[in-house]
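Here's a quick briefing to read next to the model. Have the sequence and the 3D view open as you go.

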Amino acid sequence: GLVAPADAATNVPLNETFAWTQSSGADRYHIQLSTAMNFSNIVYEDSSLAGTTQTTAQSLESSTTYYWRVRAHNILGWGNYSAVFIFAVGASPIAPSLTDPLDQAIDQATTVTFTWAPVQAATAYHLQLSMSANFASLVVNDSTLTASTHEVQSLAEGAQYYWRVKAQNNYGWGPYSVTRTFDVASLPAAPELIEPANEAIDLTTAVTFTWVEVQGATSFHLQLSTDSNFTLSVVNDSTLADSTLEVQSLTEGTQYYWRVRAENSFGWGSYSATRTFKVIKATRVEESTNIPITFVLRQNYPNPFNPSTSISYELPRAENVRIIVYDLAGRQVRELVNEHQDRGFYTVLWDGRNERNLLVASGLYIYQIQAGEFNQRLKMTFLK
């Protein structure tokens, strides 16, 4: 008679050893294994067995019901089959439930720890990580994991990944989990500089720096230097939350260089292109043969103008001098001079920019000089 697996046995392992009692005078045995009660679908049979035990050559299928029987052979031929026993192979594990990273997560670091919920009775896990949704090429293909977590390093910046996990128990591998995707963060792009323009001249000692916002940036780093290698630092501020910064008390007649970079949760990006500008003061014009004998404010030249114009004036004696540009509504646009100056001939340039270093609109403007009791206004036209 049949011994093992017992009739109606459940959770039978994949590599079960079949056993039966010895038949007197038998010289060999014939075993049949089928998924059909009438043995119309035989999955394994062997009629050359000399002993009373046998392990199938291939593994059984998990979650499958089988039927088996045995008959004996002696010198007279084959006897009748035994009674048919039925048994069921245990089920493979369910698909794991993924935990981290979340599906469609963004801005992940290049080192990611994958975690999933443990599966009951699982003996191993298989993690697949790929850059393609069909897992055609694999970055990670590890079926030896025994814990429900795994760290992967050196992922590519800015890349999109797909991942899934399946579990194994004594009855085989279960199905894969649902596929999740995530994006690895990339460093922010280099900011695009706005103002001051590259190679701008005649800027005042107070300059407002502006640049284009960078998506995802949490802070900006502005460097301002008097050399193009940025070894002589004037400003080195990496705590800026906005895309603008005003810097005052720059040195007249000095060439400056500036650049900006952005930071996000992933780190600092590359610097922008370097721009340069020059701060120039009102210059005294040396006249060897002429000495001013009266206060004079001359018409600017050229007029109309673009991009800049010269305003000349004469001081017959030392005075505190202010030269201010106004719009037609009387609002101050730009203060060009505000200092004590000696007697002489002077010229100051206006580049058509306001106090925020932004280009003004085309139109008519008024410039006014105040030097002691001397006060005069003239008009000029700026064209874009």
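**A buried histidine**

H73 is buried, at a relative accessible area of 13% (buried means under 20%, exposed over 50%, partly exposed in between, with a 1.4 Å probe and protein chains only). Keep in mind that this is a predicted model, where local features need pLDDT of at least 70, side-chain atom pairs count only at pLDDT 80 or more, and totals for chains, interfaces and linings use all residues. Numbering starts from 1 along each chain as its sequence is written, and side-chain values use heavy atoms, with hydrogens and water left out.

**Around H73**
- H73 sits in strand β7, residues 65-74 (strands are DSSP runs of E, at least two residues, numbered from the N terminus).
- Leaving aside residues up to four places away in sequence, H73 touches G25, A26, D27, R28 and W78 (contact means heavy atoms within 4.5 Å).
- S23 and H73 are 50 residues apart in sequence, yet 8.9 Å apart in space, C-alpha to C-alpha.

**An open sheet**
- Three strands line up as β10-β12-β15 in an open sheet with antiparallel pairing (two strands pair if DSSP finds at least two bridges between them).
- β10 (98-100) and β15 (149-152) are at the edges with a single partner strand each, so one side of each has no neighbour in the sheet.
- β10 pairs with β12 (residues 112-116) over two bridges, in the antiparallel sense.
- L98 stands opposite W116 in β12.

**A partly exposed isoleucine**
- I201 counts as partly exposed because its relative accessibility is 45%.
- I201 belongs to strand β20, residues 200-203.

Note on methods: Helices (H or I, at least four residues) and strands (E, at least two) are DSSP runs, numbered from the N terminus.
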